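Here's a quick walk through a protein model, going from the overall layout down to a few residues. Keep the viewer open as you read.

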Amino acid sequence: MPPKDKAAAEASSSQEITGQSALPISRIKKIIQLDDDIVQCSSNATFVIAMATEMFIQYLTEQGHNVVKSERKPRKLIQYKDLATAVSRIDNLEFLSDVIPKTTTYKQFKEKRAKEKETGPEKGQRTLNGNLPAAVEDKEEVEDQQGLQPVEDKSSRSSRPPTVTMMVDRTVDTSAGDQDVEMTDQ
């Protein structure tokens with residue numbers, strides 16, 4: 001047999017269907033049992049889930065390997081950054097962007113954090129409970145210490161809850177067994 005045919009025969013024999021999963025079926029059953037929505041799962045369904053998982057892992061590693069091959073100096077090992085690049089480039093793997101995010105350096109992280117702080121809340125903007133955001137309060141406190149502008153007492157600001165009034169417009173007939181009351185904003 002020529003060398004190319006021998007390599008192809010070995011590759012096809014490694015992909016032969018044996019009826020067994022490379023992943024432990026008992027572990028997959030335990031993971032399925034953790035889901036409260038699934039009451040019962042047959043052994044055939046568990047096997048199909050195991051095979052689908054194997055196929056997904058194979059697809060993900062192939063895409064990571066394609067990323068490695070496309071580099072200037074291809075490597076023999078697939079690294080985390082290769083999988084993260086594959087996830088960011090391939091639409092089918094986009095759902096993994098939260099699970100396998102691209103890594104950043106500490107310097108990039110600090111720059112991003114600094115930009116986020118610069119684009120903080122606008123002047124006079126308040127949170128839902130009526131208070132100023134913590135970053136704005138700290139900034140006002142620093143400005144007060146530097147004598148830039150007078151600031152009112154923070155304790156008086158946070159001790160005043162916003163005023164909300166609701167009035168009962170009408171009551172619903174309770175003879176039907178319904179105990180609801182209709183409320184309206186005014």
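This is a predicted model: local features need pLDDT of at least 70, side-chain atom pairs count only at pLDDT 80 or more; totals for chains, interfaces and linings use all residues.

Residues are numbered from 1 along each chain as its sequence is written, and side-chain values use heavy atoms, with hydrogens and water left out.

**Overall layout**

The protein has seven helices and two strands, and the order along the sequence is α-α-α-α-α-α-α-β-β. Those elements are DSSP runs numbered from the N terminus: helices are H or I with at least four residues, strands are E with at least two. Of the 186 residues, 15% are buried. Here buried means under 20% relative accessible area, exposed means over 50%, and partly exposed is in between (1.4 Å probe, protein chains only). Among contacts with a separation of 6 or more, 26% link residues 24 or more positions apart, a contact being heavy atoms within 4.5 Å.

| Residue | Relative accessibility | Class |
|---|---|---|
| Asp82 | 1% | buried |
| Ile49 | 38% | partly exposed |
| Phe95 | 56% | exposed |

Asp82 sits in helix α4 (residues 80–89). Leaving aside residues up to four places away in sequence, Asp82 touches Gly64, Val67, Val68, Glu71, Arg75 and Leu77. A polar atom of the Asp82 side chain also lies 2.8 Å from the backbone nitrogen of Gln79.

Ile49 belongs to helix α3 (residues 43–69). Not counting residues up to four places away in sequence, Ile49 touches Ile28 and Ile32. Ser21 is 28 residues from Ile49 in sequence, and their C-alpha atoms are 9.9 Å apart.

Phe95 is in the loop between α4 and α5 (106–118). Together with Phe56 and Ile57, Phe95 forms a nonpolar surface patch with about 290 Å² of accessible area. Patch residues have over 30% relative accessible area and no salt bridge; nonpolar side chains (Val, Leu, Ile, Met, Phe, Trp, Tyr) are joined within 5 Å, like charges within 9 Å. A salt bridge is a side-chain nitrogen of Lys or Arg within 4 Å of a carboxyl oxygen of Asp or Glu.

Terms used: A polar contact is a pair of N or O atoms within 3.5 Å; within protein, one must be able to donate a hydrogen and the other to accept it, and residues adjacent in sequence count only if both atoms are side-chain atoms. Accessible areas come from the Shrake-Rupley method with a 1.4 Å probe; for residues, only the protein chains shown count as cover.
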